[in-house]
Amino acid sequence: MSGADVVVAGASFAGLAVARELPGRALLIDHQDVGDGQTSACGTPISVLAALGAATSVQETHGDLVIHTPGRTVRWPLPEPFCTFDYRACCAAAYRGLDAPLLRASVQGRRGGVVRTSSGDVTGRVLVDATGWRAVLSGAGRRPGRPRGFVGFGLEAAAPVPFESGLHFYFWPDLLRDGYLWAFPAGATTRVGLISYRARTQLGPALDLFLRRLGVPPGPRHGGFLGGRFGPATAGDVFVVGDAAGHCLPFTGEGIRLAVRAGGVAGRLIADALRGRIGLDEARARYRAFALRARRSYRFLEWVTAASLILPATVLGAVAAWASRPGPLRMLMGHYLRIFSPDTGERP
Ligand SMILES: Cc1cc2nc3c(=O)[nH]c(=O)nc-3n(C[C@H](O)[C@H](O)[C@H](O)COP(=O)(O)OP(=O)(O)OC[C@H]3O[C@@H](n4cnc5c(N)ncnc54)[C@H](O)[C@@H]3O)c2cc1C
């Protein structure tokens, strides 16, 4: 039986961020090679990539969100620059900076401190679940095959053409009534996709129509569920991070920033516990408290999602136009970008 001080299941955004804080102490387990299996449109603040040591993977930087509703387009200048990046290059760069072996195996569950994998049992003093919405280590009893609750289901195509700069969001109910569509330019390609808040998985025909309306050619497709409902940040002794803990934000479906920030906090607290500065129970309690501080923001965004399902798109357009004024925009984006911010203090 192999083992490590810290066993991290899942080697994507959340798992890599945890392992980064634990040089020489963590073992990563993933059923794919690092950087395989992209699901995301890969739009995030540049500071998030820097935190992962992966700033070299940036493909294009963006200073604005561009909100399209029927008959109206509004630009929201971003208070900090966002970027689109290459998922494989990001994970490879983040992993290169780590001192953590990777076990290529499928995690099947756990018994106490023992993780059961397709390559045998692995022991860890500390276990971290960073397996995305499947929450393989901590999600015992959840409905198999779908997240508990959900943020949505998304599908996107990598169109082999550039696009006007900015992160473009489209609320076009004639194409999609229960979500939004996007076009994220990433250098020579543009990620064109859509998310259904009701987690409908049959989104191919709507994506075809959207590509045609934008006048861009189709490209390779990928997609998946976005997170589960915001839940406890620990499950028994296990630290739960990223989509596994429902950290992907409702309404926007942004999950990378949250996975990386929560992963960093969990990793630092675990490191403190391994050094004997605090007990492991205290590390878990502090991590739970850190996550809980954002609970109201998650609930608020769930309400916004529910409202967007019933409000006409013209009303959403009017709200977006109002919010593009400097005062409201500063307030909205300030709150939004502070969710899980290190400034909110991770050590109560
Ligand atoms: C279509 C789409 C577009 C999106 N676009 C954006 C975007 O532009 N910006 C943004 O911020 N967010 C976006 N998101 C959300 C974002 O992708 C997620 O929130 C983010 O990937 C969560 O990171 P994570 O590390 O928690 O989980 P994941 O990225 O899902 O990683 C989970 C890891 O666990 C591994 N794993 C799973 N099960 C097992 C198992 N049984 N055994 C071993 N390993 C396992 C997987 O291989 C994977 O490496 C998008 C999501 C979708 C579906």
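**Helix pair α1 and α5**

I looked up how α1 (residues 13–20) and α5 (residues 256–274) lie in this predicted model. Their axes (lines fitted to C-alpha atoms over the stretch in contact, with angles from 0 to 180 degrees between N-to-C directions) come within 7 Å and cross at roughly 30°. The two helices (DSSP runs of H or I, at least four residues) are therefore roughly parallel to each other (angle under 35 degrees). For contacts (heavy atoms within 4.5 Å), I listed F13, A14, A17 and V18 in α1 against I256, A259, V260, G263, G264 and G267 in α5. These residues divide into seven nonpolar, three polar (Gly counts as polar) and no charged.

**Helix pair α5 and α6**

I then took α5 with α6 (residues 280–292): the axes come within 9 Å and cross at roughly 160°. That makes α5 roughly antiparallel to α6 (angle over 145 degrees). From α5, the contact uses A262, V265, A266, L269 and A273; from α6, L280, A283, R286, Y287 and F290. I recorded nine nonpolar, no polar and one charged residues here.

**Ligand**

I found 33 residues around the ligand (a heavy atom within 4 Å), the closest being S12, D30, G43, V107 and D243. For polar contacts (N or O pairs within 3.5 Å), I noted a side-chain N or O atom of D30 at 2.6 Å from a ligand oxygen. A polar backbone atom of V107 is 2.8 Å from a ligand nitrogen.

**Basis**

Residues are numbered from 1 along each chain as its sequence is written, and side-chain values use heavy atoms, without hydrogens and water. Local features need pLDDT of at least 70 and side-chain atom pairs 80 or more, while totals for chains, interfaces and linings use all residues.

Conventions:
Parallel < 35°, antiparallel > 145°, perpendicular 65-115°, else oblique. Polar contact = N/O pair within 3.5 Å; in protein donor to acceptor, adjacent residues only side chain to side chain.
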